[in-house]
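Please read them with the structure open beside you.

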Amino acid sequence: MSAYEEEALGKAYDARLMRRLLTYLWPYRRTVAVALVAIIGHSALQLAQPYLTKLAIDSYIATGDLAGLNQIALVFLFVLLGAFILEYVRTYTLQMTGQRIMFDLRMQVYGHLQKLDVRFFDRNPVGRLMTRVTTDVDVLNELFASGVVAIFGDVFMLIGIMAVLLSMDWRLALVAFSVLPLIVMVTQWFRRHVRETYRTVRIWIARINAYLQEHITGMVTVQVFQREKRSFDAFDGINRTHRDANVASIFFYAVFYPAIELVGALAASLIIWFGGGWVLDESLTLGVLVAFLLYAQRFFRPISDMSEKFNILQSAMASSERIFALLDTPVEVSSPTKPTPRPAPARGRLEFDGVWFAYVDDNYVLRDVSFVVEPGQRIGIVGATGAGKTTIISLLMRFYDVSRGRILVDGIDIRELGLSDLRGLSSLVLQDAHLFAGSIAANVRLGDQTITDADVRAAIASVHAKPFIDQLPAGLASPVAERGATLSVGQKQLVTFARALAYEPRVLVLDEATSSVDTETEVLIQDALRVLMTGRTTIAIAHRLSTIQDMDRILVLHKGQLRETGTHQELLARRGIYYKLYQLQYQEQEIAAAG
Ligand SMILES: Nc1ncnc2c1ncn2[C@@H]1O[C@H](COP(=O)(O)OP(=O)(O)OP(=O)(O)O)[C@@H](O)[C@H]1O
Ligand SMILES: [Mg+2]
């Protein structure tokens with residue numbers, strides 16, 4: 001359950017994290033300065049209102065000064081207007097800053113994700129990474145939009161009210177402050193419990209996300225194996241716990257706000273009781289009493305607001321810790337600082353020199369693999385499932401770095417080449433063809449504007465994808481659903497062939513799809529492959545031995561070791577592993593033909 005443990009809340013406030021968070025405010029410091037002025041101005045105007053009321057009562061109503069009363073009413077109107085404008089400025093500037101910071105952070109996180117190596121994605125489930133870019137960034141938006149800056153307003157307001165109260169009448173001020181210990185107690189109680197429930201809610205939201213992510217992607221499997229009921233019940237359980245956790249937190253909110261109001265009312269009654277007596281014995285004016293009552297109302301709002309902000313702060317600390325951890329994940333596979341320039345034009349000679357590789361610890365998946373592919377040569381790799389064929393390709397593309405030995409491209413160790421130089425050299429057609437949502441043409445071009453429409457059409461035609469694409473309603477412009485869900489496996493493969501061809505690579509790397517396609521499509525694919533391979537250094541992993549029979553050389557991989565190499569005929573003559581594989585497939589075909 002390590003995926004959930006990270007939901008544990010850390011410290012409520014971490015100066016190191018906060019300093020780093022504040023750097024995101026820096027580009028918007030002018031806007032923030034405007035917001036701060038608006039916040040303080042707004043608080044000051046709020047403070048002024050009860051005081052104006054006091055003046056109205058004591059100086060004008062009590063003395064019957066109607067002209068003065070008119071004047072002060074006008075001032076009051078302006079104060080209200082000013083407060084309205086300042087509130088608008090505050091809300092607008094803060095929300096805008098929050099949105100901008102959220103945008104910046106998302107770009108930064110996504111930018112970093114793009115640089116991370118495959119090993120990182122092996123380790124980190126998609127659902128978790130999605131949460132970083134969405135929910136966690138949202139929490140920080142809230143911090144900037146209504147937390148970190150707005151808190152100044154609350155503090156200013158609190159101090160301001162206390163100062164005004166003390167200066168108007170210190171006795172009554174002490175009466176008003178006498179409820180403060182109660183407030184502190186209620187707030188502490190609320191904070192402690194809400195923190196706990198908040199944490200539980202977060203854990204269960206993460207579980208809902210993870211569950212949905214996995215089961216929506218695997219919906220077909222769920223349906224085929226009729227797991228609907230079981231899957232539904234499992235989701236019901238998670239969803240229910242999430243709801244209950246939320247309901248639990250509702251309780252604390254539902255008690256907290258009325259409790260704060262109650263304490264406020266208590267303060268008001270104390271003020272009326274004591275203050276009323278002092279008004280009667282004329283040691284206090286009526287205006288001051290009214291002002292005290294009005295201030296008391298305003299006094300408790302910032303306190304409850306601040307507990308709310310404390311929660312925001314706390315979740316922001318947790319979110320930022322996770323986001324920063326992601327941003328700080330070192331990029332293990334990266335271009336060297338001084339890449340060796342690739343010889344131009346590239347020749348496309350590939351060499352594996354004593355390569356060892358393990359995905360985890362020293363569980364070697366490849367053991368001492370050495371071979372050379374001369375420019376323009378076509379080699380096939382065969383071997384049982386799990387023999388390490390795909391791994392060879394992943395190493396060649398530098399998705400992972402070798403554990404021992406080296407891989408050379410045109411005589412240069414690939415770790416010394418720039419990543420773009422290395423990867424730009426070859427086109428890769430993977431076992432599971434990945435298409436993006438968009439048109440077929442866009443999937444062939446993948447955003448490379450130097451590939452013209454004519455190039456796309458030519459590539460499509462060469463790999464025999466034209467007939468099926470012509471049948472689609474909009475031809476090349478026909479939309480492809482996410483992950484190519486609307487195309488058949490064979491069709492997807494053809495589109496990825498066209499993509500590989502359109503890039504005109506020096507080196508072609510193919511990982512044949514394991515799933516079988518019909519004989520007709522198979523013939524098409526075979527022929528498309530021939531077109532693709534012409535004049536290019538080719539490494540093709542094949543499951544159907546028919547695919548690679550006329551390759552210049554075939555490598556036979558067995559449990560991570562290179563066991564046999566030679567042409568189809570040579571390997572058959574050796575009567576070794578290849579011969580056995582061939583026999584097996586041949587028999588299968590015989591059976592299939594007979595059946
Ligand atoms: N990302 C990974 N993390 C850990 N182990 C892995 C990873 N990918 C592959 N392996 C392991 O490495 C071994 C070789 O895998 P590889 O994908 O290279 O096999 P393959 O020859 O391509 O098989 P297939 O014919 O099924 O495609 C397997 O035992 C597999 O379990
Ligand atoms: Mg494979």
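**Notes on helix packing, sheet and ligand shell**

1. The axes of helix 6 (residues 126–147) and helix 12 (residues 286–327) come within 9 Å and cross at roughly 135°, where axes are lines fitted to C-alpha atoms, for helices over the stretch in contact, and angles run from 0 to 180 degrees between N-to-C directions. That angle makes helix 6 oblique to helix 12, given that angles under 35 degrees count as roughly parallel, over 145 as roughly antiparallel, 65 to 115 as roughly perpendicular and the rest as oblique. Helices (H or I, at least four residues) and strands (E, at least two) are DSSP runs, numbered from the N terminus.

2. This is a predicted model, in which local features need pLDDT of at least 70 and side-chain atom pairs count only at pLDDT 80 or more, while totals for chains, interfaces and linings use all residues. Residues are numbered from 1 along each chain as its sequence is written, and chains are lettered from A and ligands numbered from 1 in the order in which they are written.

3. On the helix 6 side, the contact with helix 12 includes R132, D136 and E142, and on the helix 12 side it includes K309 and R322; two residues are in contact if their C-beta atoms, placed from the backbone, lie within 7 Å. By class, this contact of helix 6 with helix 12 has nine nonpolar, five polar and five charged residues.

4. Helix 11 (residues 228–280) also packs with helix 12, their axes coming within 10 Å and crossing at roughly 165°, and the two are therefore roughly antiparallel to each other. Among the residues that meet are Y257, I260 and V263 in helix 11 and L286, L289 and F292 in helix 12. The contact of helix 11 with helix 12 has 14 nonpolar, four polar and no charged residues.

5. An open sheet of four strands has the order 2-1-4-5, with antiparallel pairing, two strands being paired if DSSP finds at least two bridges between them. Six bridges join strand 1 (residues 350–358) to strand 2, and V355 stands opposite V369 in strand 2. Helix 13 packs on this sheet, touching strand 1, strand 2 and strand 4 (404–409), and its direction makes about 115° with that of strand 1.

6. Helix 13 (residues 389–396) also gives the most to the shell around ligand 1, with three residues. Of the 13 residues around ligand 1, Y359, T385, K389, T390 and T391 come nearest, a residue being near if its C-beta atom, placed from the backbone, lies within 6 Å.

Conventions
Ala, Val, Leu, Ile, Met, Phe, Trp, Tyr, Cys and Pro count as nonpolar, Asp, Glu, Lys and Arg as charged, and the others, Gly among them, as polar.
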